[in-house]
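This report goes through strand pairing, helix packing and salt bridges in turn. Please keep the sequence and the structure in view while reading.

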Amino acid sequence: MLKNKHITEPDKFGFQVRIVRRGKESSRYFSHKLWGSKTKSLKAAITWRDQMLVALKGSKTRFLKPPKNKTTTGVTGVCRTVKFDHRKSKSYLCYTVFWVDNGKSKNKTFQVGNVESVTADDELHAFRSARVFRSCYEYAIDNDLPFHDEVFAGWKKLRVYENEDLKAV
């Protein structure tokens, strides 16, 4: 019943259409009696579903909520953590961005540096880079574009957040 995705027949009297986007459900019931027949109510349900999918454009994957311990910065999908390297016995400050790619959770870490020697400028640079990374991902999802995370490969030497054209990437 792939053709009739989002459409169920909860009882013998009609069809139910349910679409969830961004945590909100849009639903409607199509009674066989009101539409004249089972075939006509199914056709109406399919038409309404197709119109709603266009109106609710955007991917549902952007809004998968990361675990609560991964939103320590106030920006969805971006967290600030201190990672301990047992081999070197040092702690490193990091900003990690979480996103979904083809249904798989992914993350990118913006490592600021050793906790003992990190500066406020270094931390701000990493946070701003992580925030722009996440906003570029959200822009790509909202506009049904591919997301290119390789743009951020040399983020330590580049001020990617100063690039005005970056959101369109």
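## Strands, helices and salt bridges

Strands E1 and E2 (residues 14-21) run antiparallel and are joined by three bridges. Across this pairing, Thr-8 has Gln-16 of E2 as its bridge partner. The model described here is a predicted one.

E1 and E2 belong to an open sheet of three strands, in the order E1-E2-E3 and with antiparallel pairing. Strand E1 (7-11) and strand E3 (24-31) are the edge strands, each pairing on one side only. On average, neighbouring strands of this sheet are turned by 30° against each other, direction ignored. Helix H2 (residues 38-55) packs on the sheet and touches E1, E2 and E3. The direction of H2 makes about 10° with that of E2.

In the segment before E1 lies His-6. This residue has a positive phi, near 75°, and is not a glycine. With a relative accessible area of 23%, His-6 is partly exposed.

One of the facing pairs is Arg-80 with Tyr-95 of E5. E4 and E5 form a hairpin with four residues between them. Ser-89 is found in the loop between these two strands, and has a positive phi of about 55° although it is not a glycine. Its relative accessibility is 54%, so Ser-89 counts as exposed.

On the other pairing of E5, strand E6 (residues 104-114) lies antiparallel to E5, with 10 bridges. Trp-99 has Lys-106 of E6 as its bridge partner, while Asp-101 stands opposite Lys-104 in E6. E5 and E6 also form a hairpin, here with two residues between them. Asn-102 in that turn has a positive phi of about 50°.

How many of the 12 residues of E5 are buried? Nine of the residues in strand E5 (residues 90-101) are buried, so the strand is largely enclosed by the rest of the structure.

The structure holds six salt bridges. The table lists some of them.

| Residue pair | N to O distance |
|---|---|
| Glu-9 and Lys-38 | 3.4 Å |
| Glu-123 and Arg-80 | 2.7 Å |
| Arg-134 and Glu-138 | 2.9 Å |

The side chains of Glu-9 and Lys-38 meet in a salt bridge. Glu-9 lies in strand E1 and Lys-38 in helix H2, so this pair ties together parts that are 29 residues apart in sequence. Glu-9 is partly exposed at 37% relative accessibility, and Lys-38 is partly exposed at 47%.

A salt bridge also links the side chains of Glu-123 and Arg-80. Because Glu-123 lies in helix H3 (residues 120-142) and Arg-80 in strand E4, the pair ties together parts that are 43 residues apart in sequence. Arg-80, which is the bridge partner of Tyr-95 in E5, is partly exposed with a relative accessible area of 37%.

Arg-134 and Glu-138 form a salt bridge through their side chains. Both residues lie in helix H3, four residues apart, about one turn of the helix.

Notes
Residues are numbered from 1 along each chain as its sequence is written. This is a predicted model: local features need pLDDT of at least 70, side-chain atom pairs count only at pLDDT 80 or more; totals for chains, interfaces and linings use all residues. Side-chain values use heavy atoms; hydrogens and water are left out. Buried means under 20% relative accessible area, exposed over 50%, partly exposed in between (1.4 Å probe, protein chains only). Two strands pair if DSSP finds at least two bridges between them. Axes are lines fitted to C-alpha atoms, for helices over the stretch in contact, and angles run from 0 to 180 degrees between N-to-C directions. Contact means heavy atoms within 4.5 Å. A salt bridge is a side-chain nitrogen of Lys or Arg within 4 Å of a carboxyl oxygen of Asp or Glu.
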